[in-house]
Each structure stands twice: as structure tokens, then as C-alpha cells.
Amino acid sequence: MMDISVVIPLLNEEESLPELSAWIISVMEANQFQYEVIFVDDGSRDNSWQIIEQINQKNANFKGIRFQRNYGKSAALNEGFRIASGNVVITMDADMQDSPDEIPGLYNMIIEEGYDMVSGWKKVRYDNTLTKNIPSKIFNGAARYASKIQLHDFNCGLKAYKHKVVKCIEVYGEMHRYIPVIAKWAGFSKIGEKVVEHRKRKYGITKFGWDRFVNGFLDLATITFISRFGKKPMHLFGLYGTIFFIIGFAISFYLIGEKIIYGNDFGLTNKPAFYIAMSVMIIGVQLFLAGFVGELVARNSTERNNYLIESKTGF
Ligand code: UDP
Ligand code: MG
């Protein structure tokens with residue numbers, strides 16, 4: 001089996017590709033690795049694909065697949081994972097912000113220290129402080145809190161995986177930011193971290209704008225919800241729905257009782273409590289119904305009985 005598959009998603013990175021591949025070759029040869037490099041061209045509009053073809057002609061260890069259009073980094077990684085055949089799979093960005101010199105270290109952590117996955121940590125970062133570095137600290141704090149995985153840099157492009165891990169996980173949408181969470185959720189809990197060198201972008205421009213953080217937080221909410229309640233939505237919505245309904249019901253009960261006992265001159269609808277009770281009851285019913293619909297969806301999902309089997313004996 002091949003030692004390493006390097007998966008590189010890219011969008012319009014023509015200037016970087018020749019330098020990046022030369023650098024990868026020198027690292028691989030110095031360490032005598034058996035390797036392949038899989039470029040996934042995520043719908044580039046520049047000459048990236050022609051350059052990949054040229055690189056492949058010179059060195060057959062370099063392969064490429066090209067998307068018909070831009071599907072996003074997660075899609076590119078997912079396709080790369082599907083065809084990667086190395087014992088260890090390493091992902092890195094194509095813009096040379098990640099250094100190929102980190103490959104041997106990452107490889108050793110997987111092979112010798114037995115990590116399922118190792119994530120790079122750009123401890124010293126060469127990006128814009130205001131638009132990237134500070135939001136990223138907040139984002140990582142939230143991800144740590146929600147996932148209970150102690151990583152400083154969830155979204156680092158440079159990561160290494162055991163072969164089995166990439167075959168078991170599915171990355172879609174913009175979930176590439178949460179691959180550690182997806183891996184943990186699939187049962188791969190030995191997740192490590194390695195401080196890696198980060199470099200300034202030499203050519204081209206960043207492909208992600210400020211909206212990355214908005215989307216990042218929404219995706220975090222989704223992934224936390226799915227991992228905790230995806231298979232049992234009623235446990236969340238049913239609980240809160242019931243609590244809300246009971247509170248609303250109790251208030252109405254009290255109001256009606258008060259009206260009957262004291263029978264005084266105020267109208268029932270003249271009290272704020274009446275409106276509170278009504279809203280709370282309606283919200284409760286809605287939550288309950290959301291849970292119910294969620295259960296029906298989960299019940300019809302083709303995934304509902306997909307489990308990862310670690311090993312079997314006696315069959
Ligand atoms: N990328 C991609 N598809 C996209 C956006 C980005 O394959 O839709 C690639 C991009 O070419 C680069 C990597 O993902 O190799 C990281 O992107 P970028 O360097 O722009 O992100 P940043 O370093 O600014 O966070
Ligand atoms: Mg970059």
C-alpha cells in the first residue's frame with residue numbers, strides 16, 4: 001500500500017501549483033515515501049487544470065480531477081477522500097500557505113503515535129488580523145465548546161488522517177471546517193494537534209470572505225444539533241414543547257379559576273398573563289409538532305440504520 005496520499009483542493013491557483021508540486025516532490029524523495037498527490041480542481045477559471053495536466057505528464061505520482069463547476073472546498077475534499085489510496089491521507093491548501101515540510105511530522109504522528117487524525121495549528125498566522133485572526137479565535141472557541149474537542153484551529157487546511165477515517169466520513173456543504181467533529185462523531189476520537197508553519201499567501205487571493213464566519217456559526221449549530229439530536233429530534237423539541245405547553249396551560253388554568261372564583265369586573269383578555277399564556281401554549285405546540293415532523297423525516301431517512309462496524313468475529 002502507498003504511504004501517503006496528499007489531497008489538494010484548489011480554485012484558481014495557477015501561479016502556486018508548479019512551485020507547490022516541486023516542493024512536495026523534494027519532501028517525498030528526501031523521506032523516500034511512496035506517494036500520490038491528488039489535485040481536485042474545484043471549477044477553476046484560470047489555467048490551473050492545464051498546469052495540473054502538465055505536472056501529471058512529468059510525474060505520474062501527481063493526479064488530478066476536475067469539477068465541472070465550483071462546488072466548494074468540502075466537495076473537493078470529499079472527492080479526494082473517495083479516491084485516495086494511501087495509508088495516511090494528508091490534506092493541504094494549494095496556495096502554499098501550508099508547508100509541505102510538515103508532511104513527515106504529520107505522517108509520523110499517525111503511524112507511530114497512533115492518532116486517527118491530526119490537525120494543523122497555525123499558531124503564528126500570516127493573515128489579516130481583523131478579518132481573519134480575531135474572528136477565527138472566537139469561532140474556534142465556540143467550536144471547542146460545542147464539540148468538546150480540544151483543538152485550537154479547527155479550520156486548518158493542513159491535516160492528516162488514517163486511511164480508514166477518510167473512507168468513513170462524508171464532507172459536504174461547508175462542513176470542511178468541522179471535519180474533526182465529523183470524525184469524532186464517526187467514532188475516531190484520538191484527535192491530535194500539531195503546530196505547523198503558516199506562510200503568507202504568495203500568489204492569488206483568498207477565496208473566502210467575511211461571510212465565512214456567519215456560515216461557520218450556522219454550520220456549527222447544524223452540526224451540534226445533528227450530532228446530538230439528528231436521530232431523535234423529539235428528544236429536544238418534544239421536551240421543550242411539553243414544558244412550554246404546561247406553563248401556558250397552568251397560567252390559563254389559573255386565570256380561568258380566578259375569574260370563576262372572584263367573578264369580578266375585569267375581562268379575562270385585559271390581563272397580560274392571558275397573552276403570555278396563549279403565546280407560550282402556541283409555541284409549545286409548534287415545537288412539539290417540529291419534533292414530530294423531525295421524527296417522521298428521520299424515520300424515512302435511508303441513513304437511519306447506517307452504522308460503522310469496527311470489526312466482526314465468527315462470521
Ligand atoms: N478552495 C477550493 N474551492 C473553493 C474555495 C477555496 O478548492 O470554493 C481552495 C483554495 O484554492 C485553497 C484552499 O481551498 O487551496 C483554501 O482557500 P483559501 O486559501 O482561499 O482560504 P484561506 O487560506 O484564505 O482561509
Ligand atoms: Mg489560503
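The protein is divided into domain 1 (4–229) and domain 2 (234–300), with bounds taken from an automatic or database domain assignment. The model is predicted, so that local features need pLDDT of at least 70 and side-chain atom pairs count only at pLDDT 80 or more, whereas totals for chains, interfaces and linings use all residues. Residues are numbered from 1 along each chain as its sequence is written, while chains are lettered from A and ligands numbered from 1 in the order in which they are written.

The C-alpha centres of the two domains lie 48 Å apart. Along the principal axes, the C-alpha atoms fill a box of roughly 95 × 60 × 35 Å.

The secondary structure comprises 10 helices and 7 strands, defined as DSSP runs (helices: H or I, at least four residues; strands: E, at least two) and numbered from the N terminus. An open sheet of mixed pairing is formed by 7 strands in the order 3-2-1-4-6-5-7; two strands pair if DSSP finds at least two bridges between them. Strand 3 (62–66) and strand 7 (191–195) each have a single partner strand, so one side of each edge strand is left without a neighbour in the sheet. From one strand to the next, the twist averages 20 degrees (axes are lines fitted to C-alpha atoms, for helices over the stretch in contact, and angles run from 0 to 180 degrees between N-to-C directions).

Strand 2 (residues 35–41) runs parallel to strand 3 and is joined to it by 5 bridges; Val40 has Ile65 of strand 3 as its bridge partner. Helix 2 (residues 48–58) packs on the sheet and touches strand 1, strand 2 and strand 3, its direction making about 150 degrees with that of strand 3 (contact: C-beta atoms, placed from the backbone, within 7 Å).

Around ligand 1 there are 17 residues, of which Pro9, Asp42, Ala94, Thr206 and Lys207 come nearest (a residue is near a molecule if its C-beta atom, placed from the backbone, lies within 6 Å of it). Strand 1 (4–10) and helix 3 (73–83) are the elements that give two or more residues to this shell.

How values were computed:
Contact = placed C-beta atoms within 7 Å.
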